[in-house]
Amino acid sequence: MKERYMKRAIELAEKGRGFTSPNPLVGAVIVKEDRIIGEGYHELYGKAHAEVNAFLNATEDVRGADMYVTLEPCSHYGKTPPCALKIIKKGIKRVFVSSLDPNPLVNFKGIEMLKEAGVEVEYGILEQLTKKQNEIFLHFVKNKTPFVALKYAMTLDGKIATATGDSKWITNESSRIYVHELRNDYAAILVGINTIILDDPKLNTRLDRPARNPIRIALDPSLKISEEAYIVRTAKEQPTYVVTLSKNDNEKMNHLSELGVKFIIQEDEKEINLKQLMIDLGKLNIDSVLVEGGSTTHGKMLSAGIVNKIYAFIAPKIIGGKDALSPIGAKGISFMKDAILLENQELKQFGEDVLITGYIKK
């Protein structure tokens, strides 16, 4: 029975995907006499938490009821008052929690506040499900750097474009729609300057429902980006950062700034320091990055050891060609024993396409 109500809370939490970052996805269910009398989820960053929304939606007095919540109720004052205190004041008898909150301001403090007030607490219910659901939040809180996922689409023979550079389209429409779901999930999308020059991508989210556009990040060490690039022309509508090495063209930089482009400048580097970039993005409260760059960018991200997750779409097509690019470029691995390994892999199918997801084994 506990698992049943917690699964419902997890379903509710999922409704906030794409809108709560950098806060977690959280769902809450209030149960009285084996009946659900209130439900809620964290709908939007800065707005009411799941527990508060569940109270607002309650159909009867909640005193003496149980609450199921996917993440430990907060115990501190932030943008909203402590949810643990609200639970106590409302007279909830028992609270069932899935995951503890790793935030030092909360971690086990919400549980302790509830217990000290006489509320019965049990935690760890379906914990693996909620940890996966909030993998971005959990990583960001612990590391202060974004959770980084690398996405690419390739043919059956491991190519991301023909020898002429043609890449539209490797995968089918269903796969491409799912990519836009991913863009809604991640706070930022990152590409290299070659992708900007060759493809002039929009790097936005296009779904038949409300969704958010990610922050756009372009790696451009020599400031080659054109003022006519789509991401520059729309920089005032969708936040856009260019990562470069120096102010070697102040006039161009000033003009790009006037168009809405923001800059992250690494002054003392010979090439972009990706590890430092992740630290800088963390300071900007960017909790996650989806990398959709080209072969070279992918290779450098993996070499820097900052990638957490891989999304590899494979289409049943063969194009061949020794000059056709593979998904991972740069220097690469010299010996098979040093190959980067994936763990916890999953398979999904989109028509004839296959998606393999997995986590970089550290």
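**View 1. Threonine 244 is a buried residue in a strand.** Threonine 244 has a relative accessible area of 0%, so it counts as buried (buried means under 20% relative accessible area, exposed over 50%, partly exposed in between, with a 1.4 Å probe and protein chains only). This threonine belongs to strand S9, residues 240-244 (helices are DSSP runs of H or I with at least four residues, strands are DSSP runs of E with at least two, and both are numbered from the N terminus). What does the side chain of threonine 244 find within reach? One of its polar atoms lies 3.0 Å from the backbone oxygen of proline 221. This is a polar contact, a pair of N or O atoms within 3.5 Å; within protein, one must be able to donate a hydrogen and the other to accept it, and residues adjacent in sequence count only if both atoms are side-chain atoms. Setting aside neighbours within four places in sequence, threonine 244 is in contact with Asp220, Pro221, Ser222, Leu223, Met253, Phe263, Ile264, Ile265 and Gln266 (contact means heavy atoms within 4.5 Å).

Before you move on, please keep in mind that this is a predicted model: local features need pLDDT of at least 70, side-chain atom pairs count only at pLDDT 80 or more, and totals for chains, interfaces and linings use all residues. Residues are numbered from 1 along each chain as its sequence is written, and side-chain values use heavy atoms, with hydrogens and water left out.

**View 2. Lysine 236 is an exposed residue in a loop.** Look for lysine 236 in the loop between helix H9 (230-233) and S9. Is this lysine buried or exposed? Its relative accessible area is 65%, which means that lysine 236 is exposed. Not counting residues up to four places away in sequence, lysine 236 touches Glu258, Leu259 and Gly260. Its side chain reaches the backbone oxygen of glutamate 258 at 3.2 Å.

**View 3. Serine 257 sits in helix H10.** This helix covers residues 250-258. Serine 257 is partly exposed, with a relative accessible area of 36%.

**View 4. Helix H11 has a cap at its N-terminal end.** Which residue caps H11? The cap is asparagine 273, where a side-chain oxygen lies 3.2 Å from the backbone nitrogen of lysine 275. Helix H11 runs over residues 274-283, and its buried residues are Leu274, Leu277, Met278, Asp280, Leu281 and Gly282. Just after H11 comes asparagine 285, with a positive phi of about 70°.

**View 5. Two cis peptide bonds can be found in loops.** One joins serine 21 and proline 22, with omega about 5°. Proline 22 has its place in the loop between helix H1 (2-14) and strand S1 (27-32). Another joins lysine 168 and tryptophan 169, and here omega is about -5°. To find tryptophan 169, go to the loop between strand S6 (147-155) and helix H7 (173-185). As background for this view and the next, most residues other than glycine have a negative phi, and most peptide bonds are trans.

**View 6. Leucine 126 and alanine 330 have a positive phi.** For leucine 126, phi is near 55°. This leucine lies in the loop between strand S5 (120-123) and helix H5 (127-133), and its relative accessibility of 21% makes leucine 126 partly exposed. For alanine 330, phi is about 60°. Alanine 330 is in the loop between strand S12 (309-315) and strand S13 (342-350), and it counts as partly exposed at 43% relative accessibility.

**View 7. Stepping back, the chain has 12 helices and 14 strands.** Its C-alpha atoms fill a box of roughly 70 × 45 × 40 Å along the principal axes. Of the 362 residues in the chain, 51% are buried. Among contacts with a separation of 6 or more, 70% are between residues 24 or more positions apart.
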